[in-house]
Structure formats: C-alpha cells, structure tokens
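Me: I have a structure open and want to learn how to read its features. Can we take them one at a time?

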Amino acid sequence: MAASTLLKFAWLEVTGLCQEFCDHCYADSGPKGTHGTMTVADWLSVLDQLADMGTVNVQFIGGEPTLYPNLPELISHAHGRGLGIEVFSNLAHIRDELWDTFKRHGVKLATSYYSDSPEEHDGVTRLRGSHKKTRANIQTALDLGIPLRGGVVAVHNGQRVQEAARDLTFLGVPEVGGDRTRAFGRGSNGAAPTIEDLCGHCAHEKCAIGPTGDMWPCVLGRFLTMGNVKTSPVADVWNGALAAKVTADIGAVHGDGVQSCTPPQFLPMCGPCAPCVPSVGHCDPKEVDVLAGAPTIGASA
C-alpha cells in the first residue's frame with residue numbers, strides 16, 4: 001500500500017502543448033507538444049474515479065491547459081462531481097468561452113510571472129509579447145473576481161524576481177509565491193533527474209496524471225512512474241506496489257528533511273513563501289527573509 005491511502009489532490013496534465021518555450025520548463029513542453037493519448041472519455045473517467053475516492057481538489061496543468069480544446073467540458077464535469085478546480089495557465093491567451101467557464105464553475109487560476117520587465121519576462125518565455133498578454137489577463141481575472149495566485153520562478157542570476165512579486169502585488173494579486181528552477185526537463189541542462197531535487201512532499205496525499213495516463217508522485221517527479229490509469233483504475237494505481245515503492249524511495253532520500261516550502265506555483269495545498277533568489281539555491285522562507293529582504297507571505301503546509 002502507498003504511505004497514505006488518502007488522495008486529496010491531483011494534478012491533471014492534459015497537454016504537452018504550449019505557446020511558450022521556457023528554458024526551465026520541467027515538462028519540456030512547447031509549440032511542438034501534443035495532447036498525448038488520453039482521450040476526453042479517459043479524463044472524464046479519471047475525474048469520476050477521483051471524486052469517488054474522496055479527492056478534494058484538482059489542478060489542470062500542462063503544457064498550457066487552455067490550449068486543450070476540451071478543457072471547458074472537463075471543468076464542467078469536475079465541478080459537477082464536487083471537485084475544487086484550479087487551472088495553472090501562462091495566461092498568454094484566454095478564449096472568451098474559458099472566461100465564462102471559469103466564472104460559472106468557480107475555477108481558481110494560477111500563473112507564472114518572471115519579471116516586471118517585458119523584455120526579461122519575454123526572454124524567459126521565448127514568446128514575444130507574452131509579458132503584455134499575461135499581465136493584461138491577470139488584470140482581467142481580477143476584474144472578473146476570479147481567484148488568482150502568482151508564482152515567480154528564479155531562472156537566472158540578476159533576474160528581477162522581487163520586482164516581479166511587487167508588480168503582482170501592485171496589480172492586486174493576493175497570493176504571491178516563488179521558487180527556484182528545478183533540475184527537471186529543460187531546466188536540468190541535460191542532467192539526469194534525481195529524487196534529491198524534489199521537495200520531498202511528493203506522493204503524500206497527492207499525485208499527478210500525465211497526457212499518456214502515467215501517474216507520477218508530482219508533476220516534477222515524472223521520472224518516477226507509479227502506473228498508468230489507462231490500463232488500471234486510479235485507485236489500484238494509487239494503492240499499488242509501484243506507488244508504494246516510489247513513496248518509499250522518496251522517503252529514503254528525504255526522510256523528515258523535506259523542504260519547508262513546497263513549490264507554491266505547482267501546489268495550491270501549501271501556502272507560499274516569498275520569491276527565492278538564485279543566490280539562495282533552495283526554497284526556505286527563513287533564508288529568503290534574510291538574504292532577499294522580503295517578507296514571507298503565508299505559511300507552508
């Protein structure tokens with residue numbers, strides 16, 4: 001059995017397609033990404049199974065989930081099954097239909113923001129004009145009364161992470177968190193992924209399900225496959241031998257020494273800390289306080 005039979009939260013990575021091509025993307029997503037092999041029926045079934053298991057919240061993620069054409073249908077179904085819903089989007093382009101869907105079904109939004117400087121933000125995303133579009137859509141979400149939180153990821157030295165956080169606060173974003181680049185996907189610079197670079201909370205009452213149906217302990221831990229929900233029920237995968245081994249392997253590395261600040265841009269279950277600066281090298285709110293001179297916002301779970 002897995003360490004915890006409770007599955008309170010699930011990331012649902014519905015696509016690997018994204019307009020942006022960030023150097024640090026843990027999912028290695030981009031304009032050439034695909035929606036994978038999970039069908040709409042597969043995703044609807046996953047939502048039903050999660051609801052039946054007592055899961056509380058799901059987050060639709062990618063890639064860029066708003067590029068998945070059937071996202072409104074999945075959101076509507078999840079809402080109908082009583083699941084809390086968050087969509088993690090770059091907010092580069094939101095169709096009118098999606099704004100209506102977000103409002104109608106009480107969807108929360110989360111986004112990444114890299115700098116108050118358009119040139120620096122666009123340099124990270126490799127999409128010209130992305131800063132202007134994302135910032136405008138942050139304002140639109142707030143104007144519509146849609147709950148929104150922002151995450152600032154420290155990608156390179158000298159990046160204006162504190163200024164980015166202050167800009168989000170100026171816009172009225174009530175919850176601003178941060179994290180360093182994690183050594184996964186393109187962010188690894190070719191290095192093999194390791195359990196050491198995970199936060200250590202992975203698989204504890206949470207999992208991720210990818211576009212091919214693979215279950216992972218979190219969106220960053222996609223190199224640790226727990227099974228596949230296309231071939232087995234979600235509950236069987238979650239409570240199976242592979243999941244138990246993955247959980248044990250993570251515990252063997254981290255033990256009780258899990259990081260005190262789980263990456264808030266990925267995990268809405270945990271409160272955010274102030275944005276990390278590259279010189280810190282890890283995400284610890286106390287260290288951020290001292291080295292960055294920024295107040296800690298909220299508290300980690």
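Me: Where is the place of Ala 92?
Reply: Start by noting that this is a predicted model. To place a residue, find the elements on either side of it. Ala 92 sits in the loop between β3 and α3.

Me: Is Ala 92 buried or exposed?
Reply: Compare its relative accessible area with the cut-off: under 20% is buried. Ala 92 has 7% relative accessibility, so Ala 92 counts as buried.

Me: Let me try His 121. Which helix holds His 121, and what does His 121 touch, not counting residues up to four places away in sequence?
Reply: His 121 belongs to helix α4. Its relative accessible area is 1%, so His 121 is buried. His 121 touches Ser 112, Tyr 113, Tyr 114, Ser 115, Ser 130, His 131 and Thr 134, again with residues up to four places away left out.

Me: Now backbone angles. What is phi of Leu 91, and what is there to notice in the value?
Reply: Phi of Leu 91 is near 55 degrees, a positive value, and the residue is not a glycine. Leu 91 is in the loop between β3 and α3. With a relative accessible area of 0%, Leu 91 is buried.

Me: What is phi of Glu 205, and where does Glu 205 lie?
Reply: Read it the same way. Glu 205 has a positive phi of about 65 degrees, and it is not a glycine. Glu 205 lies in the loop between β6 (175–180) and β7 (206–209). Its relative accessible area is 13%, so Glu 205 is buried.

Me: Next, omega. Which residues does a cis peptide bond join?
Reply: Check the angle across the peptide bond. Gly 62 and Gly 63 are joined by a cis peptide bond, with omega about 15 degrees. Gly 63 is in the loop between β2 (57–61) and α2.

Me: How many salt bridges does the structure hold?
Reply: Look for a side-chain nitrogen of Lys or Arg within 4 Å of a carboxyl oxygen of Asp or Glu. The structure holds ten salt bridges. One of them pairs Glu 13 with Arg 222, with the closest N and O atoms 2.6 Å apart.

Me: Why does the pair of Glu 13 and Arg 222 tie together parts that are 209 residues apart in sequence?
Reply: Place each partner. Glu 13 lies in strand β1 (residues 9–13) and Arg 222 in the loop between β8 (214–216) and β9 (227–228), so the pair ties together parts 209 residues apart in sequence. Then check burial. Glu 13 is buried at 3% relative accessibility. Arg 222 is partly exposed, at 22%.

Me: Which residues are linked with Arg 81 in a network of salt bridges?
Reply: Asp 48, Asp 52 and Arg 81 form a network of salt bridges. Within it, Arg 81 and Asp 52 meet at 2.7 Å, N to O. Arg 81 is in the loop between α2 (71–80) and β3 (84–88), and Asp 52 is in helix α1 (residues 40–53), 29 residues apart. Arg 81 is partly exposed at 32%, whereas Asp 52 is exposed at 59%.

Me: Last, helix packing. At roughly what angle do the axes of α1 and α2 cross?
Reply: Check the approach, then the angle. The axes of α1 and α2 come within 10 Å and cross at roughly 20 degrees. The two helices are therefore roughly parallel to each other. Their crossing is right-handed.

Me: Which residues make the contact of α1 with α2?
Reply: List each side in turn. Helix α1 brings Val 40, Trp 43, Leu 44, Leu 47 and Asp 48, and α2 brings Glu 73, Leu 74, His 77 and Ala 78. Sorted by type, the contact has six nonpolar, one polar and two charged residues.

Notes
Residues numbered from 1 in each chain as written. Predicted model: local features only at pLDDT ≥ 70, side-chain atom pairs only at ≥ 80, totals over all residues. Heavy atoms only, no water. Helix = DSSP H or I, 4+ residues; strand = E, 2+ residues; numbered from the N terminus. Buried < 20%, exposed > 50% of the residue type's maximum accessible area, 1.4 Å probe, protein only. Axes fitted to C-alpha atoms, helices over the stretch in contact; angles between N-to-C directions. Parallel < 35°, antiparallel > 145°, perpendicular 65-115°, else oblique. Left-handed = near helix turned anticlockwise from the far one by under 90°. Contact = heavy atoms within 4.5 Å. Nonpolar A, V, L, I, M, F, W, Y, C, P; charged D, E, K, R; others polar.
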